[in-house]
Amino acid sequence: MGRYQKKNKQAGRVSIAYIVVFLLIVMLFQIFRLRQKDQEYIAREAELTLQMEEETERESRISDYEEYIGSKKYIEDTAKSKLGLVYENEIIFKER
């Protein structure tokens, strides 16, 4: 093997080493980005889960309120508070 071939072979190995190092750096950068995105998605998932729980609770309150406004109790309460109506046998006390 001649001197030129040895240098050429050595230059090839160095080039391959640079390429491998470059690819490792690119892969590490991509891994870092993916982990960062994963953390963002985990935080967003937790936020959305909390929001869903709040909306479920709100839906329950609305459902209870709809049930209440369809009841006789709501009609009585509204008639008493807005119209001042009372039952015949009911006694009303007023504050001075």
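The legends below describe close-up views of a predicted model.

**View 1. Tyr-65 and Tyr-68 form a tilted aromatic pair.**
A search of the whole structure finds two aromatic pairs. A pair of aromatic rings is described by the distance of the centres and the angle of the planes. Both residues belong to helix α1, which spans residues 3–69. Tyr-65 and Tyr-68 are separated by about one helical turn because they are three residues apart in this helix. Tyr-65 has a relative accessibility of 48%, so Tyr-65 counts as partly exposed.

**View 2. Tyr-68 is partly exposed and pairs edge-to-face with Tyr-74.**
The relative accessible area of Tyr-68 is 32%. Its ring and that of Tyr-74 lie 5.3 Å apart, centre to centre, with 80° between the planes. Tyr-74 has a relative accessible area of 27% and is therefore partly exposed.

**View 3. Three tyrosines, Tyr-65, Tyr-68 and Tyr-74, make up one aromatic cluster.**

**View 4. Ile-16, Val-20, Leu-24 and Met-27 form a nonpolar patch on the surface.**
Together, these four residues have about 390 Å² of accessible area. One of them, Ile-16, is placed in helix α1. Ile-16 counts as exposed because its relative accessible area is 54%, and exposed means over 50%.

Key: Residues are numbered from 1 along each chain as its sequence is written. This is a predicted model: local features need pLDDT of at least 70, side-chain atom pairs count only at pLDDT 80 or more; totals for chains, interfaces and linings use all residues. Side-chain values use heavy atoms; hydrogens and water are left out. Rings of Phe, Tyr and Trp (its six-membered ring) pair if their centres lie within 6.5 Å; planes under 30 degrees apart count as stacked, over 60 as edge-to-face and the rest as tilted. Helices (H or I, at least four residues) and strands (E, at least two) are DSSP runs, numbered from the N terminus. Buried means under 20% relative accessible area, exposed over 50%, partly exposed in between (1.4 Å probe, protein chains only). Patches are made of residues with over 30% relative accessible area and no salt bridge: like charges are joined within 9 Å, nonpolar side chains (Val, Leu, Ile, Met, Phe, Trp, Tyr) within 5 Å. Accessible areas come from the Shrake-Rupley method with a 1.4 Å probe; for residues, only the protein chains shown count as cover. A salt bridge is a side-chain nitrogen of Lys or Arg within 4 Å of a carboxyl oxygen of Asp or Glu.
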